[in-house]
Amino acid sequence: MELTERKLKILQAIISDYVRTAEPVGSRTLSKKLDMNISPATIRNEMSDLEEMGYLTHPHTSAGRVPSDKAYRLYVNQLMEKPELSLADKEIIANELQADINEFDRTIRHAARILSRITNLTSFAVTPTRNEEALSFINLLPVDGQTVVMMVVSETGEISNTALKLKRHCTPENLQLLAKSMTYQFRGRTITDVLKDNIIESLETNVEAMSKLAEDIMPDFVKTLEDMLNVQLYMDGLTNIFDLPEYSDMERAKNFLAMLDQKEEFLKAVQDRDEGVIVTIGDENMDDKLSDYTVITATYSVDGKTVGKIGVIGPKRMKYGEVTSVMEYLTENLNNSFKLEDGSNLKLEGGGIIDDE
C-alpha cells in the first residue's frame, strides 16, 4: 500500500492534533481542520489504511486514532517543522548561560535547568569522562593545624578541590614539601595510569614526618582521582511530568520516577549515543525500560572537541520540532562559550552523580 501525499497530510494532522490535545483523533475532527475538501468517510478510509500500514493505533476506549512509534519516526524524519525560537527563549539561553561560564560543571547543570524550564520536560546532562586527563600539579593548602584543602589540577586546567581532616598536626612547610613530591612523581601521567599503581605505597619520602603525613593524605588523593574519572549525571524538572496528561495516573508517574532513579542504568543508556541531535522513540531505545518514552540528546563541545551530552526524556507525544530547536540553540551557545579563545581554563568540580531537581 502506498503512502500517498493525502495520507501523509492526514497523518501529519493527526500527529499535530494528538501532540496538542493528548486525545485520540477522529475523522470528524480532522474533516473540520483539514483544508482538503474531503469527506469524513474518505478520511476514515485513509485512517484505516494508515492503521493497517502501522502508522496509527486504535485505543479500545475511543473511536479515534493515535500515532504509533512508526508514525512519530516518519514525522521526525520527514514531516516535522522546527519553529524559530522566541526572542524571550533566546535571551534566557544566551544571557543565563553566560553567568557561570568559568565554572564548567555548574554551567552544564544550569543548562539542564534552562532546558527543562523552556521545554517543560525532564532534562539531563552528562559531563565528560577524564580517563586521558594528565595531571599538572598538586597543591596542599593549610586551613588550620589539621585541616587541608588538596587541589589537583590537570594539564587542561581542570581543578578538583577536596577538604581533608588529618589525624595529626602538620606544618605548612611539610605540606608544601609533600605537594612538591607528589607533583614531581605524578606530573604528566594520566589519571588512569596513576591509579594503576599502588600510589599509597609508591610515594617516596625521606623524612619520617613527611611519611606519616603522606599516609594521612594519599588515601584521599586516590579517592579524588577516582572521583575525577566519574561521569556526572545532572537531572532537572522531574516534577514536570505531573503537568502531562500521560502521567495523571499516579502509578505511571511513579514508574517514570522509579526508572529515572536507576541513575547508573539511565547513564549507560544515554552515554554512548551518537553525536549531534539524536531522537529515539519508544522501542528504538536500547533499554527496555525506556520503551514508553522518547529520549532526545544533543552533544556539546569544549574548544571544538565533543565532551558531553544534554537532553530530555518524556512521553512519545512530544513537540519534537520545538524541543529540537531549543536543544540546537542551547548547545550552539554552550559550544561558543566553551571555545576558550582567550586561553582561559574551565573548572570541573569533583565527580559523582548529582541530582539537581
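## A walk through the predicted fold

The protein chain has 13 helices and 10 strands; here helices (H or I, at least four residues) and strands (E, at least two) are DSSP runs, numbered from the N terminus. Keep in mind that this is a predicted model, in which local features need pLDDT of at least 70, side-chain atom pairs count only at pLDDT 80 or more, and totals for chains, interfaces and linings use all residues. Residues are numbered from 1 along each chain as its sequence is written, and side-chain values use heavy atoms, with hydrogens and water left out.

How far does the predictor trust itself? With pLDDT (the predictor's confidence in each residue, from 0 to 100), the chain averages 84, and 88% of the residues score at least 70. Strand 8 (residues 278-281) comes out highest, at a mean of 97, while helix 9 (residues 199-202) is the lowest, at 58. Over residues 342-357, pLDDT stays under 50, and there the model has 58 contacts beyond four places in sequence. A contact, by the way, means heavy atoms within 4.5 Å.

Now for the inside. Of the 357 residues in the chain, 48% are buried, where buried means under 20% relative accessible area, exposed over 50%, and partly exposed in between (1.4 Å probe, protein chains only). Among contacts between residues at least 6 apart in sequence, 64% join residues at least 24 apart.

The largest nonpolar core has 74 residues, and Leu30, Phe266, Ile313 and Tyr320 have the most contacts inside it. A nonpolar core is a set of buried Ala, Val, Leu, Ile, Met, Phe, Trp, Tyr and Cys residues joined through side-chain atoms within 4.5 Å. Helix 1 (residues 5-21) gives this core its largest share, eight residues. There's also a second, separate core of 24 residues, with Ile138, Met150, Phe186 and Leu213 among them.

Let's zoom in on leucine 30. Leaving aside neighbours within four places in sequence, leucine 30 is in contact with Ile10, Ala13, Ile14, Val25, Ile43 and Met47. Serine 27 sits in helix 2 (residues 27-33) and is buried too, at a relative accessible area of 10%. Not counting residues up to four places away in sequence, serine 27 touches Pro40, Ile43, Arg44 and Met47.

Next comes helix 6 (104-119). Helix 6 has 16 residues and reaches 23 Å from its first C-alpha to its last, close to the 22 Å expected at 1.5 Å a residue; the expected span is 1.5 Å times one less than the number of residues. Because 12 of its 16 residues are buried, helix 6 is largely enclosed by the rest of the structure. The buried ones include Phe104, Asp105 and His110, and what covers them includes helix 5 (87-98), strand 3, strand 7, strand 9, strand 10 and helix 13 (320-337).

Helix 6 is followed by asparagine 120, whose phi is positive, near 60°. Asparagine 120 lies in the loop between helix 6 and strand 3 and is partly exposed, with a relative accessible area of 48%. Its C-alpha is separated by 8.5 Å from that of aspartate 243, although the two residues are 123 residues apart along the chain.

Helix 11 (residues 250-261) is another one to look at. At its start, a side-chain oxygen of aspartate 249 reaches to within 3.0 Å of the backbone nitrogen of glutamate 251. In helix 11, Ala253, Phe256, Met259 and Leu260 are buried. They cover an arc of only 125° around the axis, so they end up on the same side of helix 11; the arc is that of the directions from the helix axis to the C-beta atoms. An α-helix has 3.6 residues a turn, so residues three or four places apart point the same way. The buried residues of helix 11 pack against strand 3 (122-126), strand 7 (233-236), helix 12 (263-271), strand 9 (293-302) and strand 10 (305-315).

Finally, take a look at aspartate 216, found in helix 10 (residues 208-229). At 10% relative accessibility, aspartate 216 counts as buried. A polar atom of its side chain lies 2.9 Å from the backbone nitrogen of lysine 167. Not counting residues up to four places away in sequence, aspartate 216 touches Leu166, Lys167 and Arg168.

Methods. Polar contact = N/O pair within 3.5 Å; in protein donor to acceptor, adjacent residues only side chain to side chain.
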